[in-house]
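Here are some exercises on pockets and packing, with worked solutions. Have the sequence and the 3D view at hand, and try each task before you read on.

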Amino acid sequence: MEYLPVEVIGNILSRLGAARDVVVASASCRKWREAWRNHLHTLAFNSNDWSVYHELTRSRLEIIITQTIFQTSGLECLSIIMDNVDEFSASPVIAWLMYTRETLRQLHFNVKTTPIINILEKCGRQKLEVLTLAHNTVTGVEPSYQKFPCLRSLSLSHVGISALDLSLLLTICPKIEVLNLVSLDIVMSDPQATMELSSNSLSDIYVEAINLDKITLEADSLEKLHLKDCTLEVFELVSKGALRFLKIDDVSVIHLDIGESTENLDTVDVSNFTIMWSKFHHMIAKSSKLRKLRLWGVVFDDEDEVVDIETISSCFPQLSHLSLNYELRDAALQYGLQGSFQFENVAVLELGWTVINDLFSHWVAGLLERCPNLRKLVIYGVVSETKTHEECHILANFTSFIVRLMRKYLHVEVQFEYE
């Protein structure tokens, strides 16, 4: 170890990350202390990693963090996550940010202060590439002088911000590629809760736990869209067909429009979502390059609707991963599995039941017949804790059925996932 270059020791300390571990390790000898002071590029203070953070007084904690940061030079990644810790004074927090701002490339910041400080003013116009903010407030975004010329990733979680400021925030990040918005406290200036976002560089957006009347997203380069646990009346995407990944999880939306340019979609993953099959299919019907389709726990707006499996086969010839789980009715077999169609390229088939019955068994058998090149079958099911004799009998019959069925498909790996 004594022959290691001090730069390599700096990299080792940086991989430790946690400030407490870095300080302990650097105390071993003079060379390691030098590495800490001059070659450390990553430092993290996380109240969830060390219980002592919760036992220290606010002033003592401020002193420890200040002393630790001020003994470094050239920090590139700083993480300060203080969950369930008393509010800090604004002055030491500002000192941390000002001391590191010229070299910092990543800032992960979850610190409550009194009074509230404007993070954008302290970190703008520098080299920052990744900014993660939590439990903070963003106000008064001013495009004329606030800029993040290098920022590529922005994450806001439990942040108070107006719809206008969020829109302006994107305009001052000309290179932004990744945007994560989670449980925002969005302030509206008019009665209609509408948010309009626009970015030419954005390629990946994740939106969780946001309730609005309307979101309009204009992003010509968007490749990945993930909506989770949101309640919206309208979501509109204006794009130029770069979208490759679409995931919708537990979302309530009356009108969903991802545009007409869906030719490049590779993955569509929809779960815990009410759909009108005809409209949903029309929305993705041109996605001839689709390789993964997941419809899991979906509910049909019309009780008489069924998923047309044959149409899926014809529209998505490159499909290699198919996952289906929805309430089965007699029509699912009568109309959903009509014809002699096949999924030539499907290698992984995932099927789940909402209610296990003979219908599900025949549905599994029908889909297996139509996947000649299948390599893996995964069955997902829900088993109640208090099972009646009839439920046990049905589960036993299904197990026996699958054992007999899979004798015809010895080349297929079978996996069961019960909860």
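This is a predicted model, in which local features need pLDDT of at least 70, side-chain atom pairs count only at pLDDT 80 or more, and totals for chains, interfaces and linings use all residues. Residues are numbered from 1 along each chain as its sequence is written, and side-chain values use heavy atoms, without hydrogens and water.

**Exercise 1.** Sort the lining of the second largest pocket by residue class.

*Solution.* Start with the classes: Ala, Val, Leu, Ile, Met, Phe, Trp, Tyr, Cys and Pro are nonpolar, Asp, Glu, Lys and Arg are charged, and the others, Gly among them, are polar. The lining then splits into 10 nonpolar, 3 polar and 2 charged residues. Next, look for the elements: helix 2 (19-26) and helix 5 (58-70) each give two or more residues. Helix 5 makes the largest contribution, 6 residues. Here helices are DSSP runs of H or I with at least four residues, and strands are E runs of at least two, numbered from the N terminus.

**Exercise 2.** Find which element gives the largest share of the lining of the largest pocket.

*Solution.* First list the elements that supply at least two residues: strand 17 (252-257), strand 19 (274-275) and helix 9 (277-284). Of the lining, strand 17 provides the largest share, with 5 residues. By class, this lining holds 9 nonpolar, 5 polar and 5 charged residues.

**Exercise 3.** List the contacts (heavy atoms within 4.5 Å) of phenylalanine 235.

*Solution.* Set aside neighbours within four places in sequence; what remains is Ile215, Leu217, Leu225, Leu227, Val253, His255, Leu256 and Asp257.
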